[in-house]
Amino acid sequence: MKLIYNVKDRPPFSQTIVFAIQQLLAIMAATLVVPVIVGHGMAPSAALFGAGVGTLVYQLFTKFRSPVFLGSSFAFLGSMASAFTGAATVALGYLGLIIGAVFAGLVYVIIAIVVKLVGVNWINKLMPAVVIGPIVSIIGLSLAGNAVGDIVTGGIKVNNMPIASPYVALICGLVTLATVMLCATYGKKMTRLIPFILGILAGYVTAFIFTLIGNAMDVDALKVLSLEPFKALVEGGVSLKTFVALPDFTFVTAFGAFGELSGSYIATIAVAYVPVAFVVFAEHLADHKNISSIIETDLLEDPGLHRTLLGDGVGSMAGAFFGGCPNTTYGESVGCVAITGNASVITIFAAAIGAILISFLSPFVAFVNSIPSCVMGGVCMALYGFIAVSGLKMIQKVDLEQNRNLFVVSTILISGIGGLTLTFGKVTITSVACALILGILANLLLSKADKKSE
């Protein structure tokens, strides 16, 4: 695709700041929600800080050649929960999060060493375009349900149920989506580069107007926007913490819990994290194949898969040390690059610094937490859709008239969209990983087919 800013380009400083904020808005909701789901007092602001640090580590290892942001990984949710299940105290659970991230990171380090020694040709043969293309599509399509569920969900909940009408929420989400599409398609240069910021603002204002009317008329169905995150800032009066607050870093809570460690607990953590790391490795490959097609540079060759793996693995360790959440390359970040045409790695660097700084700014974190699900759903419909389309573009040159290619793609799409998963104890092989495994096996099974016989 035609990029407005290439990887090594440096946009003007003022524009870079705006682009960085857009990247943050694209990844922030998912990054912040992971610690909320895990619970046990984990701090979303610390996870954001960890994501920023992890991204900086990743950029250093990849020599600032890969325009991707790292955020909290959903794949490790079950692993993170097990850290607390087997812990005697919450502090030990926090220590378990760090130990688990180290185990997962070491998996990446070991694979990186293997790749450095033997190269990446075996990966290209094992996962050619006919396999990796539909897998990238599955990554986007597997998230479609989340986007659709969000776009009809308001931000105010009572007994964990949204009180806003799904139709009102849908209007807010569609306003967001329409604004993103119009800005990205018809906008002038700057407008085309920040469609997500404009879309979120348009959806947020729409939700705010509906909520004002709902409060004035006492109609719950119109109450879309929750102001509770802002109210929490001033509870007990206005103080310094209302504006600036130190995140509750994971290592602070974990400090002093080393005496509670046992061999069985460490083994439990290893079993919970290591297999999942191999699953996430598949998504790492797909994400980097995807971003490679967008920037028209094979990142598996330059700077090299071993470097992207080391950056992802060590960055994940660093992220968990501060925020508890292992990090991973974010499809939302890749989608943002694809839609805006801005692949400048300086933008990613600025976004990482911004994530670290913003984690201390209570009002901004409150603003992000107050964005209704329907607004983010509108944004995600565009982001996830672009991921799916990027995968389809990878198989444009694949001859689907050949049965062997047709069966490989069909197997991947149906198993992935159908949600095939496998669970072994506490380890769950995701639908993306299952689809990849089946696709590789199908491709190997049919690889010796005679083209003339088809």
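Predicted model: local features only at pLDDT ≥ 70, side-chain atom pairs only at ≥ 80, totals over all residues.
I then checked what the side chain of Lys231 meets. It forms a salt bridge with the side chain of Glu228, at 3.6 Å from N to O. Both Lys231 and Glu228 belong to helix H11, where they sit three residues apart, about one turn of the helix. An α-helix has 3.6 residues a turn, so residues three or four places apart point the same way. Glu228 has 45% relative accessibility, so I noted Glu228 as partly exposed.

**Entry: the other salt bridges**

I looked up the total for the structure, which is four salt bridges. The link between Asp218 and Lys223 is 3.7 Å, N to O, and the link between Asp220 and Lys223 is 3.1 Å, N to O.

I compared the burial of these partners with the cut-offs. Lys223 has 13% relative accessibility and counts as buried, because buried means under 20%. Asp218, with a relative accessible area of 60%, is exposed, since exposed means over 50%. Asp220 is at 39% and counts as partly exposed.

**Entry: helix H6 against helix H19**

How do the axes of H6 and H19 cross? I read that helix H6 (residues 129–141) and helix H19 (residues 403–418) have axes that come within 9 Å and cross at roughly 20°. That angle makes H6 roughly parallel to H19, because angles under 35 degrees count as roughly parallel. I also noted that the crossing of H6 and H19 is right-handed.

I listed the residues that make the contact. From H6 they are Val130, Val131, Pro134, Ile135, Ile138 and Leu141. From H19 they are Asn405, Val408, Val409, Ile412, Leu413, Gly416 and Ile417. Sorted by kind, the residues of this contact of H6 with H19 are eleven nonpolar, two polar and no charged.

**Entry: helix H17**

Which residues of helix H17 are buried? For this helix, residues 362–370, I wrote down Ser362, Val365, Ala366, Phe367, Val368 and Ser370.

**Entry: Ser316**

I picked Ser316, which lies in helix H14 (residues 300–323). Ser316 has 5% relative accessibility, so it counts as buried. I set aside the neighbours within four places in sequence and asked what Ser316 is in contact with. The contacts of Ser316 are Ala101, Cys325, Pro326 and Asn327.

**Entry: Pro44**

Where does Pro44 lie? I found Pro44 in helix H2, residues 44–61. With a relative accessible area of 22%, Pro44 is partly exposed. Not counting residues up to four places away in sequence, Pro44 touches Leu32, Pro35 and Val36. Last, I looked up the separation of Pro44 from Ala169, which is 125 residues apart from it along the chain. The C-alpha atoms of Pro44 and Ala169 are separated by 25 Å.

Key. Residues numbered from 1 in each chain as written. Heavy atoms only, no water. Buried < 20%, exposed > 50% of the residue type's maximum accessible area, 1.4 Å probe, protein only. Helix = DSSP H or I, 4+ residues; strand = E, 2+ residues; numbered from the N terminus. Contact = heavy atoms within 4.5 Å. Axes fitted to C-alpha atoms, helices over the stretch in contact; angles between N-to-C directions. Parallel < 35°, antiparallel > 145°, perpendicular 65-115°, else oblique. Left-handed = near helix turned anticlockwise from the far one by under 90°. Nonpolar A, V, L, I, M, F, W, Y, C, P; charged D, E, K, R; others polar.
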